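Hi,

Here is the structure I said I would pass on. My notes on what turned up in it follow below.

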Amino acid sequence: MQRASLCYPNQMKTITRAAQAETEEKKSRFLAELVPYDDLARRLTELRAAHPKANHHVTAYRYLNDENQLIEHGKDDGEPSGTSGVPCLKVLQGRDLINVAVIVTRYFGGTKLGTGGLVRAYSGATHAVCAIADIIDYIPQGEATLFAAFSDAGPLEQACGQDGITVLDRQFETTGTRITISGPKETVAELADRFPTKTD
C-alpha cells in the first residue's frame, strides 16, 4: 500500500458506473470489472460466489482518503508476485483514474502463460475494461449548511437549484431558511461564503 500526501484532483478521472469486459489469452479467460472503489468489497464477494471455479480474483485500486492522500494497491491473489495486481494498478495509474477498483477474474485455460504472459494478460484485461468504461473528470465533492433570511430565500433556493448541487436537508426557522447541500467543493465553498450559516 502506498500513500501520497499530495494529490491533484483536477488532473484525475473517475467512472460513473461499473463496466465489464472479457479477454482471452491461450484459452485462459479474463473477466475484468471496473467499479467505484466503495463497491470493491461487495463486488469481490459477489464475484467469488458467482465464479467458484475461477482460479484467481486479482484486484487493484486507487482512492483518496479523508486526508486527501492517494491510496493505491494491487493484489495478486495467488498469481506469481508482481505479475497481475501491479500491472492492473499501472493501467489505472496511466489513465489517471481515482476512486476506482478493478477486479480481474481468471479461468485457467490449461496453458501456463509465464511471467511476461501474465503481465500482458492482466494489463490487457484492465485496458479492455477501461476502454469501454464511462470515464469523466473527477471533481472533489463537499458539504455545507447555508442560511438566508426569508427576504433572501429566493436567491438561496435558486443557488441550491443549480446543476451539481444536491439538497440534503432543508429547515425553516423563525428568522429564515437553513439548507444543507452537497456538490462540487469549489461551488459549495462559494455558496457557503455567500450564504453563511447564522449563529445564535
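Let me start with a strand pair: E10 (residues 166–172) and E11 (residues 176–184) run antiparallel and are joined by six bridges. (Strands pair if DSSP finds at least two bridges between them; helices, H or I with at least four residues, and strands, E with at least two, are DSSP runs numbered from the N terminus.) Val167 has Ile181 as its bridge partner in E11, and a hairpin of three residues joins E10 to E11.

Before you dig in: this is a predicted model, where local features need pLDDT of at least 70 and side-chain atom pairs count only at pLDDT 80 or more, while totals for chains, interfaces and linings use all residues. Residues are numbered from 1 along each chain as its sequence is written, and side-chain values use heavy atoms, with hydrogens and water left out.

On to the cores. A nonpolar core here is a set of buried Ala, Val, Leu, Ile, Met, Phe, Trp, Tyr and Cys residues joined through side-chain atoms within 4.5 Å. Buried means under 20% relative accessible area, exposed over 50%, and partly exposed in between, using a 1.4 Å probe and protein chains only. The largest core has 24 residues, and Leu34, Leu92, Val102 and Val104 have the most contacts inside it. H3 gives the largest share of this core, six residues. Leu34 touches, among others, Leu92, Val102, Val129 and Cys130, leaving aside residues up to four places away in sequence (contact means heavy atoms within 4.5 Å). There is also a second, separate core of 12 residues, including Ala144, Ala159, Ile179 and Phe195.

Helix H2 (residues 85–94) buries Gly85, Pro87, Cys88, Leu89, Val91 and Leu92. Their cover includes strands E4 (28–36) and E7 (100–107), as well as helix H3 (114–132).

For Cys130, the nearest cysteine sulfur is that of Cys88, 9.3 Å away. Cys130 counts as buried because its relative accessibility is 2%.

The whole structure has four aromatic pairs. (Rings of Phe, Tyr and Trp, the latter by its six-membered ring, pair if their centres lie within 6.5 Å; planes under 30 degrees apart are stacked, over 60 edge-to-face, the rest tilted.) Phe30 and Tyr122 are edge-to-face, at 5.0 Å centre to centre and 85° between the planes. That pair links strand E4 to helix H3, 92 residues apart. Tyr37 and Tyr63 have centres 4.0 Å apart and planes at 15°, so they are stacked.

Cheers

Definitions and conventions:
A disulfide is a pair of cysteine sulfur atoms within 2.5 Å.
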